[in-house]
Amino acid sequence: MKAITLLLAWTWITVPLGWGVYQSVQKSLPLFGITAVAK
Amino acid sequence: MRFLTREATVASPGFNRWLVPPAAIAVHMCIGQVYGFSVFKKPLAKALGISAPVVGDWSEADVGVAYSIALALLGLSAAFFGKWVERSGPRKTMLASMLCFCSGLVLTSLAVRWHQLWLLYAGYGLIGGIGLGLGYIAPVSTLMKWFPDRPGMATGMAIMGFGGGALIGGPLAEVLMERFATATSVGASEALLVMACLYAISMLFGSWIVRVPPPGWKPDGWVPAERVSKLVTTAHVAVDTAWKTPQFWMLWVVLCMNVSAGIGILGQASPMIQDMFEVTPAAAAGYVGLLSLCNLGGRFFWSSMSDVIGRKGIYCIYFILGAALYSSVPWIQGQGSVTLFVVATGLILTMYGGGFATIPAYLRDLFGSYQVGAIHGRLITAWSVAAILGPQLMDRLSVANKKTMPPEQAYNSIFQLMVGLLVVGLISNLLVRPVDSKHHLAENAHS
């Protein structure tokens with residue numbers, strides 16, 4: 001029971017946090033595809 | 001209402017302390033939404049015109065004032081209610097935080113619907129801001145009591161949750177506004193209501209599972225070191241005494257300088273990389289996303305490292321490495337290396353996050369754990385000051401520079417200013433000495 005509670009609690013926070021991190025990674029992808037030159 | 005009292009939250013024997021970090025993160029990842037508030041700026045600035053702003057619409061600056069009020073109230077409420085938080089315990093405080101923060105979101109939703117700017121300021125800024133302050137400090141001392149062996153890591157996890165809140169709050173608001181947008185609404189009012197409900201559920205979950213350790217509790221097999229460092233005390237200092245010591249104000253300066261230096265990049269990130277290098281707006285947005293991830297990761301990594309290196313040492317790293325990296329940016333620009341620029345500024349942002357996350361453990365080292373949450377509450381007024389004044393300073397400097405020099409050179413003096421701020425922080429950190437024993441509480445006064 002304690003293990004399930006622990007699993008539930010960590011899942012509760014890792015799912016939204018993981019989603020937020022995924023969104024940021026997606027957003028940052030264009031940065032890695034650029035070839036930039038200093039002005 | 002006995003359920004809400006501190007006594008009712010004392011853990012029963014066999015309680016697993018690893019349930020407390022998710023409780024803290026469940027609250028912090030909600031109130032961290034404040035960092036993602038900027039996504040509402042453009043929609044709220046065309047709430048009447050829908051497709052474009054019309055006469056009578058709020059300006060983006062008008063909307064931004066709500067964010068500044070919220071951050072100011074975060075610091076003020078944390079400072080003002082700190083002792084109440086220590087007395088009441090984490091459950092009651094988390095619940096109060098939920099009531100303030102979520103009712104603030106509901107009032108913001110109504111402010112958008114009725115187009116009342118004062119209600120936006122009162123709802124999001126004033127009431128929501130109080131919720132931010134309460135929620136931010138609510139789990140701090142509880143976490144450090146559960147993890148006396150790793151206080152930096154424990155508070156780092158919670159404060160990482162606050163950083164994560166920005167990564168969730170921004171995209172969530174965008175998704176919801178897109179879902180609710182119609183020909184007559186930008187969808188912000190409905191999005192805010194849904195967010196209030198979702199955040200209320202998460203914060204209630206956090207306040208339900210949080211527990212405080214029984215008096216005298218220690219982790220199994222853990223024996224406190226006799227004397228780890230002169231800066232780590234086994235005594236306790238009350239909040240009303242602590243804030244009158246030089247050590248408190250030195251750490252206030254340390255936090256204020258560290259935050260200001262990070263904001264120097266965060267606030268200008270998108271225009272800066274576009275001005276300094278030939279990158280597209282989409283890549284610049286990607287850069288901002290990457291910096292947010294660095295901010296998040298740094299909160300956990302550096303605060304955990306501080307348990308090994310020591311708090312004073314880790315802040316020396318933040319300031320010296322940060323100053324060196326800022327100094328190197330003009331050279332990196334000369335080399336034309338975007339990669340090096342991203343790595344350098346990303347590293348700076350990890351230390352910006354680390355500075356937030358390490359400060360509670362630094363306070364505990366110096367003042368003990370007795371009222372460390374309340375002391376932390378008073379110290380984060382430094383964050384409010386830096387968060388409001390810092391971006392204003394950077395904005396004005398960059399705008400003034402762009403009038404007199406090419407945009408790609410307009411940031412050099414900002415970097416020099418950042419180095420100066422970090423040097424001030426370093427000096428303040430180096431001056432930190434153990435708190436005079438005359439300030440320590442008697443043995444029986446804190447039990």
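Two residues are in contact if their C-beta atoms, placed from the backbone, lie within 7 Å. The model is predicted: local features need pLDDT of at least 70, side-chain atom pairs count only at pLDDT 80 or more, and totals for chains, interfaces and linings use all residues. Residues are numbered from 1 along each chain as its sequence is written, and chains are lettered from A in the order in which they are written.

**View 1. Chain A meets chain B.** Here 24 residues of chain A contact 33 residues of chain B. The chain A side has 16 nonpolar, five polar and three charged residues. (Ala, Val, Leu, Ile, Met, Phe, Trp, Tyr, Cys and Pro count as nonpolar; Asp, Glu, Lys and Arg as charged; the others, Gly among them, as polar.)

View 2. Domain 1 of chain B spans 2–209 and domain 2 spans 239–442, with bounds from an automatic or database domain assignment. Their C-alpha centres lie 23 Å apart. In chain B, 32 residues of domain 1 contact 31 of domain 2. H3(B) gives the most to the domain 1 side, with 13 residues. That side divides into 19 nonpolar, nine polar and four charged residues.

**View 3. Helices H4 and H5 of chain B pack together.** H4(B) (90–114) and H5(B) (117–137) pack at about 165°, their axes 7 Å apart. Helices are DSSP runs (H or I, at least four residues), numbered from the N terminus. Axes are lines fitted to C-alpha atoms over the stretch in contact, and angles run from 0 to 180 degrees between N-to-C directions. The angle makes H4(B) roughly antiparallel to H5(B) (over 145 degrees). Their contact has 17 nonpolar, nine polar and no charged residues.

Notes:
Helix = DSSP H or I, 4+ residues; strand = E, 2+ residues; numbered from the N terminus. Parallel < 35°, antiparallel > 145°, perpendicular 65-115°, else oblique.
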